[in-house]
Amino acid sequence: MASDEQYMDEALALAGRGCGFVSPNPMVGALVVKDDVVLGRGWHKDYGGPHAEVFALQEAGERARGATLYCTLEPCNHTGKTPPCSQAVIRAGISRVVLGALDTNPVAGGGVSTLRSAGIEVLTGIREHECRLINAAFFKHIKTGLPLVSLKWAMSADGKTATRTGDSKWITCAESREAGHRLRAAHDAVLVGINTLVADGARLTCRLPAGSDPVRQPRRIILDSQARTPRDAPLWNEPGGGPIIIMTGETAPAERRKSLEAAGAEVIALGGTRPKISDVLNHLGARRIQSVLVEGGSNVLGSFIDSRLVDQIYVFVAPRIIGGAAALPAVGGEGIDKLTAALDCDSLRAEPSGKDVRLHARCGEWKW
């Protein structure tokens with residue numbers, strides 16, 4: 001007989017299938033189980049669509065009576081875009097509910113109390129860490145109002161992202177570049193600075209191999225203090241790309257801002273001559289953008305690190321050496337004076353990515 005933890009592991013795998021499609025809702029997976037047989041499976045597939053519990057209960061049908069529901073997140077207890085899942089669970093005749101994490105959204109929470117009031121046994125905290133981790137962006141935004149910030153860069157083994165002449169295509173292998181596109185698909189927005197946009201001809205879209213499942217394109221955010229984004233930049237002509245948001249300083253010429261708006265971008269003028277990273281994140285959070293992938297360039301990455309506004313990093317390291325003091329370093333910015341002031345990362349994971357190595361680590365304390 002499978003354990004509660006094993007069933008929750010399967011529910012977690014189902015939840016992950018909603019990655020990139022359900023934000024600002026959380027990813028959720030659910031199972032209906034009776035006599036060690038899975039009768040129904042479900043996951044939240046699209047923002048505004050039915051929740052995971054509904055799909056699992058529909059598949060189980062009348063067999064759900066007296067069964068156990070496994071769910072990675074507490075069933076919602078309010079009427080939003082869909083009816084409350086707590087009532088659907090009660091109507092289905094579920095006798096036991098096993099949950100991973102509680103819903104900290106004050107609007108949607110309270111499902112556990114409702115279920116218990118209806119006489120349903122509720123067990124919480126099964127694989128809680130994993131269930132919270134998969135929705136880190138959701139939990140952070142609920143608590144702080146800010147998006148989860150992921151920094152991503154590719155570099156040579158000696159920490160360079162371009163040669164002294166600026167040549168950078170391609171440092172990493174095709175497998176790493178595909179992995180980078182999947183990271184874009186997993187985030188609400190992708191962000192670069194104006195210099196990277198111009199130098200790389202960046203399109204800022206998620207482009208996966210033919211035959212891949214369709215993805216929801218992230219918003220495309222450009223930090224461009226003086227509104228210099230060229231009207232002939234490739235991103236304007238990228239079919240199906242996400243909305244373009246250009247963040248400028250207040251001193252950016254009005255005629256340039258109007259020209260970019262006429263081209264189809266949303267132009268946001270933030271305080272000062274150059275947008276502060278904290279102001280950028282506050283603005284994105286207020287728009288319910290829960291996760292942002294920062295791809296560069298070197299100075300933008302450095303600005304986020306200098307500001308200590310980084311939650312995790314993804315680094316693709318290629319087994320090649322560029323050398324030269326004039327070659328572009330992966331991370332610029334002001335940097336630090338002493339090692340004791342370094343931004344420490346933990347939970348480091350390293351795994352192959354084609355012939356490269358992909359590193360992933362969390363920064364700071366995740367207390368959401």
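**View 1. R308, a partly exposed loop residue.** With a relative accessible area of 36%, R308 is partly exposed (buried means under 20% relative accessible area, exposed over 50%, partly exposed in between, with a 1.4 Å probe and protein chains only). Look for R308 in the loop between α11 (298–306) and β13 (312–318); helices (H or I, at least four residues) and strands (E, at least two) are DSSP runs, numbered from the N terminus. R308 is not a glycine, yet its phi is positive, about 60°. A word on the model: it is predicted, so local features need pLDDT of at least 70 and side-chain atom pairs count only at pLDDT 80 or more, while totals for chains, interfaces and linings use all residues. Residues are numbered from 1 along each chain as its sequence is written, and side-chain values use heavy atoms, with hydrogens and water left out.

**View 2. D35, in the loop between β1 and β2.** Here's another positive phi in a residue other than glycine: that of D35 is near 55°. The loop runs between β1 and β2 (37–43), and D35 counts as exposed at 70% relative accessibility.

**View 3. Helices α2 and α3, side by side.** The axes of α2 (residues 52–60) and α3 (residues 85–92) come within 9 Å and cross at roughly 20°. Axes are lines fitted to C-alpha atoms, for helices over the stretch in contact, and angles run from 0 to 180 degrees between N-to-C directions. The two helices are therefore roughly parallel to each other (angles under 35 degrees count as roughly parallel). On the α2 side, E53, V54 and L57 meet C85, A88, V89 and A92 of α3, where contact means heavy atoms within 4.5 Å.

**View 4. Helix α10 and its buried face.** In α10 (residues 277–286), the buried residues are I277, V280, L281, L284 and G285. Seen down the axis of α10, they fall within an arc of 130°, so they line one face of the helix; the arc is that of the directions from the helix axis to the C-beta atoms. Just after α10 comes R288, with a positive phi of about 65°.

View 5. A cis peptide bond joins K169 and W170, with omega about -5°. T172 is buried, its relative accessible area being 9%. Leaving aside residues up to four places away in sequence, T172 touches A154, R177, F316, A318 and D356.

Methods: Parallel < 35°, antiparallel > 145°, perpendicular 65-115°, else oblique.
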